[in-house]
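Colleague: I have some questions about the labels used for this model. Please set each value against its definition.

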Amino acid sequence: MAIAENYEEVLKGKYPAKAHAKKVAEWIVEKGGDKNGTIYLEAQKQKLNEDNDGEAPFRQRRYFFYLSGCELPDSYLTYEIATETLTLFIPPIEPDEVIWSGLPMSVEEAKSKYDIDDCKTTQDVNGHLTSTSESAQSTVYAIPEQVSDHITFISYKEKDFEQLKPAIENCRVTKSDYEIALIRKANVISTAAHEAVMKAASKAQNECELEAVFLKACVERNAKNQAYHSIVAAGEHAATLHYVDNAAPISDQNLLLLDAGCEVDCYASDITRTFPLKGTFTDESLAIYKIVLDMQHQCINALKAGVVWDKIHELAHKFAIKGLLDLGILKGDAKVLFQKRTSVAFFPHGLGHYLGMDTHDTGGNANYADKDVMFRYLRTRGVLPERSVITVEPGIYFCKFIIDPYLENEEQKQYIDEKVLEKYWSVGGVRIEDDVLITKDGVENLTPTPKEIEDIVRLVKSG
């Protein structure tokens, strides 16, 4: 069976907070950290909307969640590295709050629900921090600007605000079975929502209608949070990479680009599909779709643990160049076009990024100052380890703001046929994105959303 394929069975267990804490602690010690130290983290605070007594939307701090699995606001945790003891501190019962919000989670309930050694209330945090017998000779590890003013580390010999954040970010790159199961579940729910949009597309009169269809499908499956703001882009709006207005009329545009994904228990999905709104491609949009689909298939087939992501990104550009040469949009020698970076005019973003608790997850080591335009926006660089999850999202776009400078450049314009290009502006853009798990010998595609031409056409026409 594939890793965490039966996600519901895996998710009957507990989020592996102690395993994550141990993994982070080992990273710190391996870097020369204190083997008798204490890890300290705080949850996000519940806040009120400005000038209002309503609660602002809550999003748990991912660093805290990674070591706790706890979604409660205003909580704390400690992990004693030497004894491998994980303690959670949750808000106490406030009688005045119970009137409005009901009984909060009790200490006993928290001990049962979470993968922890002990649970106390937040009133005990400072007492716990000063009662550790070894603390006078040890180090406390915390994240700067995520330590409340009333918290004291006075009993610790050393206070390290540098190591913990990179330790967690590094450890989050490789996923446990439980994390993979959460991502897989988020993908299954998001797939149902993508399919619902495809079925509703032919009758939609505005992009916002289709955004609502996607949200409804997620919420009714108890995925109430989106991993990111959806992109629902009809026609030429798809040429804007992060188009989020999602409110334009739908009339005679041919394609819809839908980049949307829910999250489940703080873990994200990130899926893009592009399809014909009425179920029929134009010649131009079909040609571009075939290029992008080929780019994605070729890149996914080349993946396995140990490959260099930069090389896979280059591979995507090489297949983009081949496809655009075949259409006559580009002209010249493929090797020269690659060296001149001409394809960046049509594929300006990176091939993908790590995925986990954040859509653009930690550990990618991006270099946005890279002078090579082909790699400037590549969010993940370097070797892909086994059990990492990465998105594969090639695209071809027809954005005047990006392409026009190439047409005005004396060196670059010789490689682009403007007469042929003219036929493709209305395509807007095509992107296809899946979330894949890197394995020893290849990948597991966690995204079951239809993308083959016959499948998406059938879905749209069934609506």
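**Pocket and helix packing**

Modeller: Start with the largest pocket: its lining has 13 nonpolar, seven polar and eleven charged residues. Here Ala, Val, Leu, Ile, Met, Phe, Trp, Tyr, Cys and Pro count as nonpolar, Asp, Glu, Lys and Arg as charged, and the others, Gly among them, as polar. This is a predicted model, with residues numbered from 1 along each chain; local features need pLDDT of at least 70, and side-chain atom pairs 80 or more, while totals for chains, interfaces and linings use all residues. Side-chain values use heavy atoms, without hydrogens or water.

Colleague: What makes a residue part of the lining?

Modeller: An atom within 4 Å of a pocket point; the points sit on a 1 Å grid over the protein atoms alone, take a 1.4 Å probe, and form an open set with protein on both sides within 12 Å along at least five of seven lines. The lining holds 31 residues, and F65, E71, V264, D265 and C266 lie nearest the centre. Helix 3 (62–66), helix 8 (177–200), strand 7 (225–226) and strand 10 (262–264) each give two or more residues. Helix 8 gives the most, four. Helices (H or I, at least four residues) and strands (E, at least two) are DSSP runs numbered from the N terminus.

Colleague: How are helix 10 and helix 11 oriented to each other?

Modeller: The axes of helix 10 (283–301) and helix 11 (309–327) cross at roughly 155° and come within 9 Å. Therefore helix 10 is roughly antiparallel to helix 11, a label for angles over 145 degrees. The axes are lines fitted to C-alpha atoms over the stretch in contact, with angles from 0 to 180 degrees between N-to-C directions.

Colleague: Which residues of helix 10 and helix 11 make the contact?

Modeller: Among them are A287, I291 and M295 of helix 10 and L315, F319 and L327 of helix 11. Contact means heavy atoms within 4.5 Å. By class, that contact has twelve nonpolar, two polar and one charged residues.

Conventions: Parallel < 35°, antiparallel > 145°, perpendicular 65-115°, else oblique.
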